[in-house]
Amino acid sequence: MRIDSLHFKQEGLINPKLTSICDICLQMGKNAEDYANSTVKTFAQALLYTYVGNNNDGDSEDHLVNTKQLRKRYEAFIQDYDGNRLALQQLPRKEFNDAVIKSELGKIDYIPDQGRDFAYNLEKLGLTVNFQLNEVDYIDRERIRAKYHYRCQYCGRKGTSVDHKDPVSLSHNNDLDNLTLSCSECNRIKSDMPYKLFKQLNDQIVDVNKKLVRYENSIGSLKEEFENRRRQLAAKAHLKGVINDPELNAMRKQNKKLQDAIDSLESDYDSLRKTRENHFNTGWKLYQLNQRKDVI
């Protein structure tokens with residue numbers, strides 16, 4: 001299966017060992033020396049690591065999960081676990097692997113579904129992870145919103161999301177000094193990113209954040225004007241009792257121009273937001289790569 005390289009790496013006496021099969025297959029009792037894996041073998045040779053597996057040049061075609069579609073479902077589920085800090089903290093990998101093995105062997109009558117969220121798939125496999133570590137009550141949330149005047153402390157736009165500076169999934173810290181106010185977009189982008197890293201990346205795009213605030217204010221003003229004109233048009237049409245009328249048609253044309261202006265601004269705004277999000281995503285991925293100890 002196409003899963004992270006950490007599943008093929010084991011500690012060695014001097015250098016790490018790379019196995020031809022993943023840790024899940026090893027936990028099942030499979031012997032790595034019975035299987036060939038040319039990709040892992042190539043990496044092991046290039047990095048001077050010990051390769052444990054069949055030395056044939058080809059790859060073994062014996063799959064525990066027979067169909068490509070089913071393999072994709074297990075791959076997605078394993079990747080969800082590998083990338084979820086709360087799951088990694090609370091659910092030992094051996095216990096997770098055991099559930100995957102039982103599912104693959106039919107001992108659990110459920111196969112992870114890519115169309116379902118991670119928590120649902122865990123539950124169906126008999127695994128439990130508490131994803132509700134955020135215990136900030138309503139009064140404290142309102143206190144934070146009032147303190148920061150409903151403004152995101154990252155980008156400056158309007159915000160109502162109370163955000164943990166140090167992610168609650170890592171710190172379990174719900175104290176007031178670990179809370180700030182965020183817009184929903186910054187909250188989503190930051191997610192489990194360390195506060196120091198997010199702030200560092202955010203400080204690199206101060207001018208972009210200022211543009212976002214101006215876009216938000218301009219679009220908000222134009223939408224308010226559009227709604228006022230729409231109500232005026234509806235009122236006049238009601239008083240006149242007609243639909244086709246020169247005055248009403250002129251108002252509709254003006255409203256159409258205003259809507260076109262709003263659409264144009266929103267398109268530019270969305271493009272800038274996407275570029276900003278890519279900036280954070282790239283920075284976060286580079287940081288994670290630098291933190292990883294696995295080699296492939």
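This is a predicted model: local features need pLDDT of at least 70, side-chain atom pairs count only at pLDDT 80 or more; totals for chains, interfaces and linings use all residues.

Biologist: With which residues is F96 in contact, leaving aside its neighbours within four places in sequence?

Modeller: Once the neighbours within four places in sequence are set aside, its contacts are F77, I78, Y81, L91, L122 and L127.

Biologist: Within what arc do the buried residues of α7 fall, seen down the axis of the helix?

Modeller: In helix α7, which spans residues 138-147, D140, I144 and R145 are buried. On the other side of α7, Y138 and I139 are exposed, while what covers the buried residues includes β4 (161-164) and β5 (179-182). The buried residues line one face of the helix, because seen down the axis of α7 they fall within an arc of 140 degrees.

Biologist: Which residue just after α7 takes a positive phi?

Modeller: The helix α7 covers residues 138-147. Just after α7, a positive phi of about 55 degrees is taken by H149.

Biologist: How far apart in sequence are the parts that the pair of E185 and R157 ties together?

Modeller: E185 and R157 form a salt bridge in which the closest N and O atoms are 2.9 Å apart. E185 is buried, with a relative accessible area of 8%, and R157 is buried as well, with a relative accessible area of 3%. Because E185 lies in helix α9 (residues 184-190) and R157 in the loop between α7 and β4, the pair ties together parts whose separation in sequence is 28 residues.

Biologist: Which residues are linked with E185 in a network of salt bridges?

Modeller: The side chains of E185 and R273 also meet in a salt bridge, at 2.5 Å from N to O. Since R273 lies in helix α12 (residues 246-291) and E185 in helix α9, this pair ties together parts that are 88 residues apart in sequence. R273 is partly exposed, with a relative accessible area of 26%. The residues linked with E185 in the network are R157, D270 and R273.

Biologist: Which helices hold E266 and K223?

Modeller: E266 and K223 form a salt bridge whose closest N and O atoms are 2.7 Å apart. At 23% relative accessibility E266 counts as partly exposed, and K223 likewise counts as partly exposed at 40%. The pair ties together parts that are 43 residues apart in sequence, because E266 and K223 lie, respectively, in helices α12 and α11 (residues 206-240).

Biologist: Over residues 198-282, how far apart are the end C-alpha atoms?

Modeller: UniProt lists residues 198-282 as "coiled-coil region", in an unreviewed entry. In the model, the chain over these residues is 92% helix and 0% strand, and the separation of the end C-alpha atoms is 12 Å.

Note on methods: Residues are numbered from 1 along each chain as its sequence is written. Side-chain values use heavy atoms; hydrogens and water are left out. Contact means heavy atoms within 4.5 Å. Buried means under 20% relative accessible area, exposed over 50%, partly exposed in between (1.4 Å probe, protein chains only). Helices (H or I, at least four residues) and strands (E, at least two) are DSSP runs, numbered from the N terminus. The arc is that of the directions from the helix axis to the C-beta atoms. A salt bridge is a side-chain nitrogen of Lys or Arg within 4 Å of a carboxyl oxygen of Asp or Glu. UniProt positions are given in the numbering used here, feature names are shortened, and annotations may be inferred rather than shown by experiment.
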